[in-house]
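Visitor: I am new to reading protein models, and I would like to go through this one slowly with you. Could we begin with the whole chain and then turn to its parts?

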Amino acid sequence: MTERVKPAKIRCDACPVMCYIADGNAGACDRYANHDGQLVRLDPLTIIQGGSQKLVPFMPEGAEDSWDGDIIQGERPFVTAVGAGTTYPDYKPAPFIVSQDVEGVDMVTVVTEGIFSYCGVKVKIDTDRHIGHERDIVYVDGEPIGHVMTSEYGSKMLSLGGVEHLTGGSKKEGRVTCDALMRLCNREAVTMQIGEEDHQTDVVVEAGKAPIINGEEEKLMRVGCGSATIGMFAMQWLDHADEVVVVDDHITGVLSEHEAGKQLDVPPTGIKLLGRRSTPGRYFQVANPGTGWGGTDIEDPLKILGPFKPAVAWEGLRVLMVSTTGEQYAYYELDADLVPQPKPAPKALVAASELIAENCEPSVCSVLFMAGAGGSLRAGVTENPVRLTRSVKESLTHVSCGGADTYVWPGGGITVMVDVLDMPTQSFGYVPTPALVAPIEFTLRVSDYQTLGGHMDEVRPVDQINREAARHVAQNPSAHDPMARGNFRWSKKDP
Ligand code: SF4
């Protein structure tokens with residue numbers, strides 16, 4: 001009788017979940033697996049071919065094979081934390097602490113995948129359309145994952161994720177939030193519902209792509225508010241229209257009353273705008289927010305006009321109404337009763353509307369990952385964590401995520417923000433605690449690393465990194481060089 005041998009399991013210690021993984025299987029996060037009793041990281045370590053001399057786009061999908069794998073003789077390599085692995089709990093040194101000579105300076109990069117419970121994304125959606133009121137809740141699969149923030153110029157803003165949703169709600173809320181964040185950060189499309197049932201909007205967000213709002217793909221970001229549009233295009237309308245109204249949810253502009261119209265001697269037309277007059281030619285709240293003209297809820301622009309003043313207006317008065325993207329426009333002439341009657345727009349006004357559209361930038365979604373790296377992962381860098389924080393604040397240590405430049409917030413901690421499009425693809429993972437896994441690298445002079453109590457025994461020269469198994473990507477031209485001298489305060493003193 002043969003004895004049935006139970007497959008040996010090994011324990012993954014890369015995060016607090018501590019999975020037991022059988023041979024040939026992966027752990028709960030699909031990042032680690034048991035291969036013949038060895039715990040292996042499934043995604044390859046990602047190395048960026050960098051250097052200030054040559055900046056080329058990321059290699060297209062499948063083009064990695066054409067890379068000759070030579071990281072030493074080619075441009076200077078940068079070992080990112082993508083695929084590097086984590087060291088939980090963090091008192092252990094980071095998985096890679098890599099040194100190399102950069103223009104005569106001994107530099108070291110400490111590389112680790114951070115497990116972030118305190119993290120989220122800020123989303124900027126270039127659109128005029130109303131997607132939700134400030135503070136409206138953003139849902140995915142029925143779970144709240146964030147909220148609408150204050151709008152910016154021509155863009156709607158969302159704040160998604162954060163520790164409140166990852167850990168502060170139900171188990172499902174945390175799981176759905178973590179999954180949505182990871183997909184957004186890995187540049188996948190995520191469908192979300194904003195607001196409550198009586199005023200809900202469906203929005204599809206994908207980094208670098210146009211948003212899809214209630215099933216319609218947005219095309220253009222507005223050229224400016226209604227008032228700014230008057231300022232920019234007043235000259236185009238002169239002689240072709242007696243009055244121009246630029247319909248905008250925030251500030252609707254009226255040419256004859258606006259300072260631009262006054263300076264160009266546009267006479268009064270007796271027009272009456274509904275809504276609240278702010279300053280001459282600038283009106284607030286002409287309609288409700290919506291997905292119609294200029295981010296309002298109207299499809300018929302005449303709805304925002306009251307009757308023309310008989311003492312001022314005249315039969316035949318020519319009125320152009322246009323939205324802030326120039327995509328919608330309508331031309332009217334007043335009849336004998338001073339009622340606007342639709343007419344085909346003269347060529348010059350069609351061209352002027354097209355000029356507005358031409359001046360609009362394409363609408364895109366931007367996804368910025370934001371996380372707090374001021375916690376325990378610092379111990380993987382130094383035995384004295386606060387020294388790392390100080391070193392970052394003193395610009396002796398440069399922080400990058402997957403080689404991409406980060407914005408480090410002022411004040412305490414190491415709170416970083418990075419554009420996910422600057423990072424290599426598939427930079428993000430997750431663990432079921434739930435938390436997001438994101439790459440982070442700290443680059444500094446070897447001498448500074450020693451001063452801050454770094455793990456000097458773990459420093460390895462870059463040519464000792466196994467480059468055969470690594471994924472090689474080219475430097476992203478829009479993300480700057482993480483090892484450039486200009487990143488460091490000492491370069492200013494000692495150019
Ligand atoms: S979830 Fe992933 S990282 Fe965490 S213990 Fe399991 S396999 Fe390891």
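Visitor: How many helices and strands are there in the chain?
Guide: This is a predicted model, in which local features need pLDDT of at least 70, side-chain atom pairs count only at pLDDT 80 or more, and totals for chains, interfaces and linings use all residues. Residues are numbered from 1 along each chain as its sequence is written. Helices (H or I, at least four residues) and strands (E, at least two) are DSSP runs, numbered from the N terminus. Counted in that way, the chain has 8 helices and 32 strands.

Visitor: What percentage of the residues in the chain is buried?
Guide: A residue is called buried if 20 or more other C-beta atoms, placed from the backbone, lie within 10 Å of its own, exposed if 12 or fewer do, and partly exposed in between. Among the 495 residues of the chain, the buried share is 47%.

Visitor: Which strands stand at the edges of the open sheet of 3 strands?
Guide: Two strands pair if DSSP finds at least two bridges between them, and in this sheet, with its mixed pairing, the order is E6-E5-E32. One side of each edge strand is left without a neighbour in the sheet, because each has a single partner strand, and these edge strands are E6 (77-79) and E32 (471-474).

Visitor: What is the bridge partner of Ile47 in E6?
Guide: Strand E5, residues 46-49, runs antiparallel to E6, and 3 bridges join them. Within E6, Ile47 has as its bridge partner Val79.

Visitor: What is the bridge partner of Phe369 in E28?
Guide: E24 is joined to strand E9 (residues 119-126) by 7 bridges in an antiparallel arrangement. E24 also pairs in the antiparallel sense with strand E28 (residues 415-419), over 5 bridges. In E28, the bridge partner of Phe369 is Val418.

Visitor: How far apart do the C-alpha centres of domain 1 and domain 2 lie?
Guide: The domain bounds, which come from an automatic or database domain assignment, are 9-41 for domain 1 and 226-358 for domain 2. Between their C-alpha centres the distance is 65 Å.
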